[in-house]
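Me: I have a few questions about a model, shown below.

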Amino acid sequence: MQETLHKVLSGDFNKTKFLMFAITMLVTVIVWNLPTSFFGIDGLTVVQQRVIAIFVMAVLLWITEAIPAWATSVCIIFVLLFFVSNSSFKFFQGAEGQYGQLLDSVGIMACFADPTIILFLGGFVLAIATTKSGLDVMMAKAMIKPFGNKSENVLLGFLLITGIFSMFISNTATAAMMLTFLAPVFRALPPEGKGRIALTLAIPIGANIGGMGTPIGTPPNVFAVKYLNDPAGLNMGITFVQWMMIMIPLVIVLLTIAWYLLTKLFPFKQKTINLEINGNMNRNWRTVVVAITFIATILLWVFGDKVGINANTTAMLPIAVFAFTGVLSAKDLQDIDWGVIWMVAGGFALGMAMNGTGLAEQAIKSIPFGNWNPFVILIVACLICYVLSNFISNTATAALLLPILAVVCKGMGENLGAIGGTVTVLVGIAVAASAAMCLPISTPPNAIAFSTGLVRQNDMLKVGIMVGAITLVLGISVLIVFGKLGIF
């Protein structure tokens, strides 16, 4: 609001966005005040109708981007607290039970400290410490060395290394770091060849695909894990290891396919590259602490369940160690992408509102989900996610779709067995979000690569559609097969 006010006062205000905001508010007010019978859900309460109106508001604001995406999430939490919770104005609460089941205000606020948020926060902290210590440079140097100096092999190396880093470090930070490493490579390549395009596109492709590898790799994964493991919802208990068992082999196969496509679409004119990655690791005790903590965190994420420690608890290890030892200062915490954290929290709050007010249960009873074709649900949901994620934030897309699909999956019950169960649908949405990489605006790594001026939009569109389509088809097929085998 302060940013909007500043733009108005300075004369730098986007009239189109203001119009979209005004339309959104108008539609929200209309939905808020419609007769409950309009929605065709038996027994719909006033509170549940308000949640529908808030959901409509979120959809319109996230799609139109009338205000920043993180600001939309803040507004969601604010409106839920002030109008739908047991701490809202008494006028909106009505007499006891008059308007339906109100949300617990403490529960709404707790969305920002949800265990899954802490898991994501731990990943951010680990990434910041790794970059600050120079450990990321050392790891990149060590990992690229085995690929030699043949141009195609160097391309494969950058794809795989970017993918691996993106499993544990922000896709945006990974893309920025890897493009920095490529600067000396570009100087060594002839300007008339297409090798520069291949190497530049390898970074966003590697980051987008690699993010699928772990539950913390990208926000849509975090949403999927949240709804799959929610005790009040599906309560499936998907672990860090189960996710990695399926997704890491898939990521490796997809990166290999992407490498083949890049070598064919943008062949190198120069057959060898003398690669030298600049930058040094800070050789002090803090770097040793970061390295040991990094290894210990990864090991506990993978094997922690065997000793009784889950992935969410493990995420507190790097946060606590780096705070206690002074490896990270309060200033370093400013580098955390708090906008993404707020977006995830807002998405969780939407899901909590659907369950906490009984709206999800009412929808399951009133809508015959059990009669729906599971293959149609899966394909339509993934295509919608893929299309939306190419134009708006994949975090916002996941925040909108996953609460709805969690309700649909619960209502369909055993009918989902034909496609491998609920996991196929919800994780499929995360895959579809990561597959969206056609345009410079699709993902931050795409935008960073496009900003170099070495890639044309047509080049990105061509390879993005091909890799995205393969990712969708192969990813969903793998999820169906492993779902039917009962891996989850």
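Me: Is Cys409 buried or exposed?
Reply: This is a predicted model, in which local features need pLDDT of at least 70, side-chain atom pairs count only at pLDDT 80 or more, and totals for chains, interfaces and linings use all residues. Residues are numbered from 1 along each chain as its sequence is written, and side-chain values use heavy atoms, with hydrogens and water left out. Buried means under 20% relative accessible area, exposed over 50%, and partly exposed in between (1.4 Å probe, protein chains only). Cys409 has a relative accessible area of 2%, so Cys409 is buried.

Me: How many disulfides are there?
Reply: A disulfide is a pair of cysteine sulfur atoms within 2.5 Å. The sulfur of Cys75 is 16 Å from the closest cysteine sulfur, in Cys111, which is too far for a bond. For Cys409, the nearest cysteine sulfur is that of Cys382, 10 Å away, and Cys409 is in no disulfide. By this rule the count is zero.

Me: Where is Lys462 found, and which residues is Lys462 in contact with, leaving aside neighbours within four places in sequence?
Reply: Helix α23, residues 457–484, holds Lys462; helices here are DSSP runs (H or I, at least four residues), numbered from the N terminus. Lys462 has a relative accessible area of 39% and so is partly exposed. With contact meaning heavy atoms within 4.5 Å, and neighbours within four places in sequence left aside, the partners of Lys462 are Leu265 and Phe266.

Me: How far apart in space are Lys462 and Ile429, C-alpha to C-alpha?
Reply: In sequence, Lys462 and Ile429 are 33 residues apart. In space, their C-alpha to C-alpha separation is 22 Å.

Note on methods. Helices (H or I, at least four residues) and strands (E, at least two) are DSSP runs, numbered from the N terminus.
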